[in-house]
Amino acid sequence: MTLKAQNVIRFFLIIIFSYTSFLSFSQEKNISGTYSNLMPLQEHYNYYVFDESGKFEYHKGASLGDDKYGFGTYEIRNDTLILIYNTAEPLIIGHHKSRVFTNKNSKIEIVFTVYDLENNITLPFTNIFYIDDKINKGYEGEKTDENGKANFELIKSNKKIEFNITLLGFKEYKLTIEPKYSYSIDVYLQKQGLGIPIKNQVDKFEINEFNEELFRIKTKSGKIETWYRKK
Amino acid sequence: MGYNDNCGDVGTGTNTGNEGGTGGSTGTGGHGGTGIPNPDITSPTQGEEPWRKILECNSELLQIEGAVTWLQSHKHQAGQISNYLQDNCNAQSWEFALQGIQAEIEGGETDWVLQNINRLTNPCAKEIFNELENGIYTQDILHPEVDVVISGSEILELNFSEYVLYLFNESETFKYVIQNGTPNNPNANASTLGATTIINNNYLNSATQLSIARTMIHELVHAYLNIRYSNFLSFPDGYSFRQLMEQYAQENGISNIQSNEFHHEFMGQYINAMAYSLYEWDKEYGTGSGNNFVNGPEDLLGWDYYHAMAFSGQFTTDAFGTITSTTDTFQELIPDATERQNIVNVILNEQLNNNDAEGTECN
């Protein structure tokens with residue numbers, strides 16, 4: 001066989017292969033399984049989990065947990081993967097509830113009670129402090145007792161004070177008070193490493209290749225990214 | 001809670017630092033429940049038995065299924081727990097005791113002297129962690145990274161991973177817990193929430209011992225940064241260290257100090273310390289095990305190898321191991337892209353335990 005004939009055959013084989021690949025992809029409407037664009041078992045992860053009913057979830061993070069995550073529905077239309085982030089609940093973040101009162105005393109009292117916002121259990125050993133350059137050590141701080149409580153007594157002032165509330169395993173929370181009133185403050189801390197949910201977002205990716213082991217998509221920057229199915 | 005009035009301070013608090021990672025325990029079942037009758041807790045004749053002393057501290061023990069039976073059949077451990085609680089029957093110690101007993105029942109291991117809970121049920125991983133811990137309270141370590149004054153002028157010389165474990169051991173409030181299982185992030189090799197580390201079972205099944213040791217050291221640093229930032233009031237230099245972290249975050253445009261991004265960027269400062277800890281482990285228990293003629297890293301895998309292993313977490317790679325992203329720290333410390341890829345190759349060889357790995361299999 002001449003070289004020219006071989007090239008013609010090769011050309012037609014490529015055309016047939018490309019067409020069947022496209023056809024099989026066009027007919028396939030669902031993906032199933034976990035797909036990642038990273039080698040598994042590193043410190044970092046980035047993956048989608050698709051199920052056949054058209055739902056997906058997405059997680060990106062590392063040792064400390066998710067940086068962000070999302071849940072939603074997906075569609076494969078022609079050669080486009082459409083991810084609709086629409087089912088994640090907005091995250092309840094750390095917050096506080098204050099009660100105030102005033103009187104003619106020269107000092108105010110601030111009573112903190114710290115809770116885990118997931119279950120309302122009080123949190124001992126929480127560090128509560130504010131920065132004060134007038135103090136040698138640069139701050140004033142207390143740890144909550146076994147009932148999650150800590151007290152501060154301050155001289156009345158018009159200058160606002162920012163308190164930091166931190167505890168191992170929880171996200172730091174900051175709040176500001178006006179030290180002309182006395183406060184009773186319930187602080188609800190959020191666990192660390194929960195990530196931020198993605199919601200009301202639609203991502204569309206052009207699919208270049210799709211089979212049982214992988215799919216390749218073109219990112220917005222035009223880069224081809226391969227996502228392998230977890231075995 | 002049901003503390004005995006004679007047991008000192010009481011309270012209702014929980015050790016919150018260990019709440020983050022409770023999902024991955026893969027206990028192998030209790031050792032108890034083997035036909036030993038349930039205790040008659042009112043019997044006056046056996047009041048000196050360790051399990052009774054433990055019960056005297058807190059009757060909550062009865063609520064843990066199989067706990068009393070297990071303590072009766074494991075008298076050595078029961079004695080250790082009893083001794084631990086003898087002078088420490090308060091809310092914090094009891095919280096640790098409960099977690100420790102639970103861990104032991106599930107096949108883990110609790111060091112009642114050093115006060116660490118090793119929930120690793122994978123025998124190889126458990127041994128590696130114990131080996132990392134072994135250097136604590138010894139004073140014959142070469143080139144220590146950290147000197148700690150333990151009493152008066154007595155100096156304890158520790159490498160960095162030992163120092164981190166020492167901090168947790170000395171803390172009456174927060175204990176380090178390590179276990180194997182499935183982390184919340186099942187595609188990652190490990191997770192650390194607060195001071196609880198979970199090592200992924202799939203990773204333990206594929207990686208070399210050297211790789212597992214470096215992952216444990218890496219996760220210890222996460223726990224260390226967590227506690228140094230969140231509970232700085234517990235440390236004499238707590239505020240200045242916290243300020244350093246804040247300054248670093250500000251200078252590098254990182255808004256969240258408790259994030260993966262900050263930890264991995266900041267961790268660049270501990271690369272040498274982590275590498276040295278890994279070398280010391282490898283010298284005693286890895287490729288240097290049984291070799292009496294090791295004078296330094298060059299007699300084993302070479303400093304560059306341990307140094308390379310310490311860069312885990314500083315990058316992501318695609319499925320074939322090609323770098324797809326790095327921290328700024330990695331680029332600053334290793335400006336040459338080829339050199340960075342070579343470092344990553346070392347880490348992945350050990351992670352995958354392929355033909356180029358120098359560490360030994362974890363079986």
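Predicted model: local features only at pLDDT ≥ 70, side-chain atom pairs only at ≥ 80, totals over all residues.
Residues are numbered from 1 along each chain as its sequence is written, and chains are lettered from A in the order in which they are written.

Figure 1. Chain A has one helix and 17 strands, and chain B has 14 helices and nine strands. Helices (H or I, at least four residues) and strands (E, at least two) are DSSP runs, numbered from the N terminus. Of the 231 residues in chain A, 31% are buried; for the 363 residues of chain B the figure is 50%. A residue is called buried if 20 or more other C-beta atoms lie within 10 Å of its own, exposed if 12 or fewer, and partly exposed in between, with C-beta atoms placed from the backbone. Among contacts in chain A with a separation of 6 or more, 50% join residues 24 or more positions apart. The corresponding share in chain B is 63%. Two residues are in contact if their C-beta atoms, placed from the backbone, lie within 7 Å.

**Figure 2. Chain B meets chain A.** Here 46 residues of chain B are in contact with 42 residues of chain A. On the chain B side, at least two residues each come from β6 (190-193), α7 (201-206), α8 (209-230), α10 (260-266) and β8 (315-317). The most come from α8(B), which gives five residues. By class, this side of chain B has 12 nonpolar, 31 polar and three charged residues. In this count Ala, Val, Leu, Ile, Met, Phe, Trp, Tyr, Cys and Pro are nonpolar, Asp, Glu, Lys and Arg are charged, and the others, Gly among them, are polar.

**Figure 3. The largest nonpolar core has 112 residues.** A nonpolar core is a set of buried Ala, Val, Leu, Ile, Met, Phe, Trp, Tyr and Cys residues joined through C-beta atoms within 7 Å. B:V164, B:M274, B:L278 and B:M309 have the most contacts inside this core. Helix α8(B) gives the most to the core, with 12 residues. Domain 1 (3-90 + 198-229) and domain 2 (95-189) of chain A both give residues to this core, so it lies between them; the domain bounds come from an automatic or database domain assignment. Not counting residues up to four places away in sequence, B:M309 touches B:L210, B:R214, B:A275, B:L278, B:V346, B:I347 and B:E350.

**Figure 4. Helix α6 of chain B is mostly covered.** The helix spans residues 160-170, and nine of its 11 residues are buried. Among them are B:F160, B:V164 and B:F168. B:Y166 also lies in this helix and is buried, with 20 other C-beta atoms within 10 Å. B:Y166 and B:E133 are 33 residues apart in sequence and 8.7 Å apart in space, C-alpha to C-alpha.

**Figure 5. Five strands of chain B form an open sheet.** Their order is β1-β2-β5-β7-β6, and the pairing is mixed. Two strands pair if DSSP finds at least two bridges between them. At the edges stand β1 (109-111) and β6, each with a single partner strand, so one side of each is left without a neighbour in the sheet. Strands β2 (residues 116-119) and β5 (residues 177-181) of chain B run parallel and are joined by three bridges, with B:N118 opposite B:I178.

**Figure 6. Strands β6 and β7 of chain B form a hairpin.** They pair in the antiparallel sense over four bridges, and B:S191 stands opposite B:I198. Two residues lie between the strands, and B:G194 in the turn has a positive phi of about 65°. Both faces of β6(B) are covered: B:A190 and B:T192 are buried on one side, B:S191 and B:L193 on the other.

**Figure 7. Strand β2 of chain A has two antiparallel partners, β1(A) and β3(A).** Five of the six residues of β2(A) (residues 45-50) are buried, so this strand is largely enclosed by the rest of the structure. Four bridges join β2(A) to β1(A) (residues 33-36), where A:Y35 stands opposite A:Y48. Six bridges join β2(A) to β3(A) (residues 55-62), and A:N46 has A:K60 as its bridge partner. The hairpin of β2(A) and β3(A) has four residues between the strands, and A:G54 in the turn has a positive phi of about 95°.
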